[in-house]
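Subject: Structure handover and notes

Hello,

Please find the structure for your files here. My notes come after it, and you can read them with the model open.

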Amino acid sequence: MEKRIELEKRGRNPGEIKELVLDNCRSTHIVGLTDEFVALESLSLINVGLTSLKGFPKLSSLKKLELSDNRISGGLNLLQSSPKLTHLNLSGNKIKDLDTLQPLKEFKNLKNLDLFNNEVTNLDNYREKVFSLIPSLRCLDGFDTDDCEVDDSEGEDDEVNGNEDGDGDANEEDSEEVSDEEEFVFEEGDVGLEAVYKDGLEDESDEDDFLCDEEEEEEDDDNEDDEQEEEEESSPARGKKRKHEDVGDSGN
């Protein structure tokens, strides 16, 4: 476990680390995890092989603790050095009775507890007794007091969810950048502004063509009327001339 902790630190100061994942590193008790991790808010020790919580350090900022799939049967009083704990997962361990859970009633902020696949869950009125034991509890084994299923992510603090930067400042800048980028992303099938403008231009062009055709037809009609008028005007003159020529011939 000590080697794994060094690896996960990645050269960082222990006092700056907020999340530590030590899953599957084999150890029967806590080794190498010290009180130096004063900023640690989330600790995961899934499937480590822990038989007890001996050596668990004072983690005053700890809010979420994953201890599932171990062999813990007691010693939960060793967690009382982490009073801010809100989420505790003890599923898949060896907890058999309610007496083992007694230390948890001291946690005033504990809202989510998972004891699935422990023998204690087989006791009569198990849920009612655990909710009664821990007044602050809102969710037990994924269900609230009304036996309604609760999303595992509900109620988790933003800090535990990793919605902060390493310096603790919220990622408002990052979300703004993402938001700006999303404004310019078109899904497949969406019509972009370019296509809208193009369609508008094509429609306008078609309208112009239609207007031009109408104007040409009107001009042709006008020309035909003019020609017809000219013919009508010129026809009597030609008739008079021929008549005159006929008279001249008859005189001769």
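Below are the notes on the fold, the charged groups and a few single residues.

This is a predicted model: local features were taken only at pLDDT of at least 70 and side-chain atom pairs only at pLDDT 80 or more, while totals for chains, interfaces and linings use all residues. Residues are numbered from 1 along each chain as its sequence is written, and side-chain values use heavy atoms, with hydrogens and water left out.

Overall fold

The chain holds five helices and six strands. Both kinds of element are DSSP runs numbered from the N terminus, with helices being H or I of at least four residues and strands being E of at least two. Read from the N terminus, the order is α-β-β-β-β-β-α-β-α-α-α. Of the 252 residues in the chain, 32% are buried. Here buried means under 20% relative accessible area, exposed means over 50%, and partly exposed lies in between (1.4 Å probe, protein chains only).

The six strands make an open sheet in the order 1-2-3-4-5-6, and the pairing is parallel. Its edge strands are strand 1 (19–21) and strand 6 (139–140), each of which pairs on one side only. Two strands count as paired if DSSP finds at least two bridges between them. Strand 1 is joined to strand 2 (residues 42–44) by three bridges, and these two run parallel. Within that pair, V21 stands opposite S44 in strand 2.

Further along the sheet, N89 is placed in strand 4. N89 counts as buried, at 15% relative accessibility.

Salt bridges

How many salt bridges does a search of the whole structure find? The search finds four. The criterion is a side-chain nitrogen of Lys or Arg within 4 Å of a carboxyl oxygen of Asp or Glu. As background, side chains of opposite charge can pair when their charged atoms come close.

R4, E8 and R10 are linked in a network of salt bridges. In the pair of E8 and R4, the closest N and O atoms are 3.2 Å apart. E8 and R4 are four residues apart in helix 1 (residues 2–9), so about one helical turn separates them. In the pair of R10 and E8, the closest N and O atoms are 3.9 Å apart. The three residues can also be listed by accessibility:

- E8 is buried, with a relative accessible area of 16%.
- R4 is partly exposed, at 22%.
- R10 counts as exposed, at 65%.

Another salt bridge joins D147 and R127, with the closest N and O atoms 3.0 Å apart. D147 lies in the loop between strand 6 and helix 3 (158–161) and R127 lies in helix 2 (residues 126–133), so this pair ties together parts that are 20 residues apart in sequence. R127 is buried, with a relative accessible area of 18%.

Positive patch

Which residues form the positive surface patch? They are R26, R71, K94 and K96. A patch is made of residues with over 30% relative accessible area and no salt bridge; like charges are joined within 9 Å, and nonpolar side chains (Val, Leu, Ile, Met, Phe, Trp, Tyr) within 5 Å. Lys and Arg count as positive and Asp and Glu as negative, while His and the chain ends are not counted. The place of a charge is taken as NZ of Lys, CZ of Arg, CG of Asp or CD of Glu. Accessible areas come from the Shrake-Rupley method with a 1.4 Å probe.

K96 lies in the loop between strand 4 (87–89) and strand 5 (112–114). K96 is exposed, with a relative accessible area of 51%.

Positive phi

D69 has a phi near 60°, a positive value in a residue other than glycine. D69 sits in the loop between strand 3 (64–66) and strand 4, and is partly exposed at 43% relative accessible area. N125, also not a glycine, has a positive phi near 55°. N125 is in the loop between strand 5 and helix 2, and is exposed at 52%.

Regards
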